[in-house]
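Please open the model in a viewer and keep the selection panel at hand. The stops below are meant to be followed in order.

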Amino acid sequence: MAAMEWTEKLTLGLGAMDQTHQEFVEAYNRMLVAEGDALLVEMDAFLAHTVEHFDQENRWMEKIGFPGCHKAEHDRVIAVCRDVRKRVERGDAALGRQLLQELPIWFDNHVESMDAALASYIESIGFDTETGEIRNPPAPDCGDGSSSCCTPPVKPEAEQQPA
């Protein structure tokens, strides 16, 4: 299996997210080359990083009201990694290799879709990941997909009463 490479296609332009993603790649690569008991140590380090990484994004999404399907995917990945780690500890090295083979594919897709959408939304509302401040809050949703609930509807001229 080849090491995961940090490439420009993984760069989303959101400093804190890009840094965490680079750390994910590095943790994966350490896990990839580890053998024997060292593999379990690196799996634990990878899991600890990934939990922290996902928790960070989940906090941002909660703060800005971003859709929960992204968090649900984080939860699934953590559950799978924890399960595989337990199985590797019990001797199922083949399952560990399968996870190592599939993680880069998942990560590329996740970054290009879900994380790219999150980064774009964060940028569009001016969310500061350091302070939690939102500089350009989105307009309220009126329940009908519009954001015009803050102004009363204007009747067409034909329906207006004469003064």
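The axes of H2 and H3 are 10 Å apart and the helices pack at an angle of about 170°. H2 is therefore roughly antiparallel to H3. To display the contact, select residues of H2 including Leu40, Met43, Leu47, Phe54 and Met61, together with residues of H3 including His74, Val77, Ile78, Cys81 and Val88. By class, this contact of H2 with H3 comprises 13 nonpolar, four polar and six charged residues.

Turn to helix H1 (residues 15-33) and helix H4 (residues 93-125), whose axes come within 12 Å and cross at roughly 175°. H1 and H4 are therefore roughly antiparallel to each other. On the H1 side, select Met17, His21, Phe24, Val25, Tyr28, Met31 and Leu32; on the H4 side, the contact residues include Leu103, Trp106, Phe107, Asp115 and Leu118. The contact of H1 with H4 has 14 nonpolar residues, one polar and one charged.

Finally, colour the chain by pLDDT. The average is 88, and 85% of the residues score at least 70. Over residues 146-156, pLDDT stays under 50, and the model has 12 contacts beyond four places in sequence for these residues. Where pLDDT is low, predicted coordinates should not be read in detail.

Key: Residues numbered from 1 in each chain as written. Predicted model: local features only at pLDDT ≥ 70, side-chain atom pairs only at ≥ 80, totals over all residues. Heavy atoms only, no water. pLDDT = per-residue confidence, 0-100. Contact = heavy atoms within 4.5 Å. Axes fitted to C-alpha atoms, helices over the stretch in contact; angles between N-to-C directions. Helix = DSSP H or I, 4+ residues; strand = E, 2+ residues; numbered from the N terminus. Parallel < 35°, antiparallel > 145°, perpendicular 65-115°, else oblique. Nonpolar A, V, L, I, M, F, W, Y, C, P; charged D, E, K, R; others polar.
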